[in-house]
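Good morning. Please look at the sequence and the structure on the screen while I speak.

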Amino acid sequence: MIDLHTHTLLSDGELLPSELVRRAEVKGYKAIGITDHCDRSNIDFIVPRIVKVAKALSLYWKNIKVIPGVELTHVPLEEIAPLIKYARGEGAKIIVVHGETLSEPVLPGTNRMAIESGADILAHPGNISEEDAMRAAKNGVHLEITTRKNHSASNKHVAEMARKTGAKLILNTDTHKPEDITTKADAERVLGDAGLSQPEIEEVFRNSEIFAQRP
């Protein structure tokens, strides 16, 4: 299992990064991304701390790869591109943008701006348009299928848009608390519920593996 979208108490999660990673390791995870919520108010605080702890944990714990990242959340559209650039410059390896989920009042246009600005993952993108899914396919932006209940209502739609356009799908948990850390079997069930065939499910897991192998 590989999960590229999680949160710790550095933002609104319940666990220290070390505990999150240890619990994921026990569940059989091979790689985990720590991507705490950021905007301009805290990105200079969050990124160096995640980079620091990811480096330390990866040094001592060999059975799980820890990848530092951020999730840009509810930021003005004009801030998305410069914050992505800043986070990458400070060592973030995963740039997630909080997409236009059905359960929160995310600014319209966030999906498209994230795709055009070079995000790696568009999290829970809600009723993403076919046009924006095509942009994601062209730009290599992964669309997220999520196990998180309050964001998963649009999983089937996201899967359908990806199938139509060739956009790459990725599965993440958006973990905030211990019980959010899932198993691969549960992840497969969520992907199946989204309407994906077994070959498509296997491709989603391959997409995560390929991403996690990036330097």
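I begin with a definition: a residue is called buried when its relative accessible area is under 20%, exposed when that value is over 50%, and partly exposed in between, using a 1.4 Å probe and protein chains only. The model is predicted, so local features need pLDDT of at least 70 and side-chain atom pairs count only at pLDDT 80 or more, whereas totals for chains, interfaces and linings use all residues. Residues are numbered from 1 along each chain as its sequence is written, and side-chain values use heavy atoms, with hydrogens and water left out.

Is H124 buried or exposed? H124 is buried, at a relative accessible area of 1%. This residue lies in the loop between β5 (121–123) and α5; helices (H or I, at least four residues) and strands (E, at least two) are DSSP runs, numbered from the N terminus. A contact means heavy atoms within 4.5 Å. Beyond residues up to four places away in sequence, H124 touches several others, including H5, E71, H98, E144 and D174.

Next, consider helix α5, residues 130–139, where D132, A133 and A136 are buried. They lie on the same side of α5, because they cover an arc of only 105° around the axis, taken from the directions from the helix axis to the C-beta atoms. The buried residues of α5 pack against α4 (110–117), β6 (142–146) and α6 (155–165). Just after α5, G140 has a positive phi of about 75°.

Finally, I94 belongs to strand β4, residues 94–98, and is buried at 0% relative accessibility. The C-alpha atoms of I94 and L4 are 7.6 Å apart, although 90 residues separate the two along the chain.
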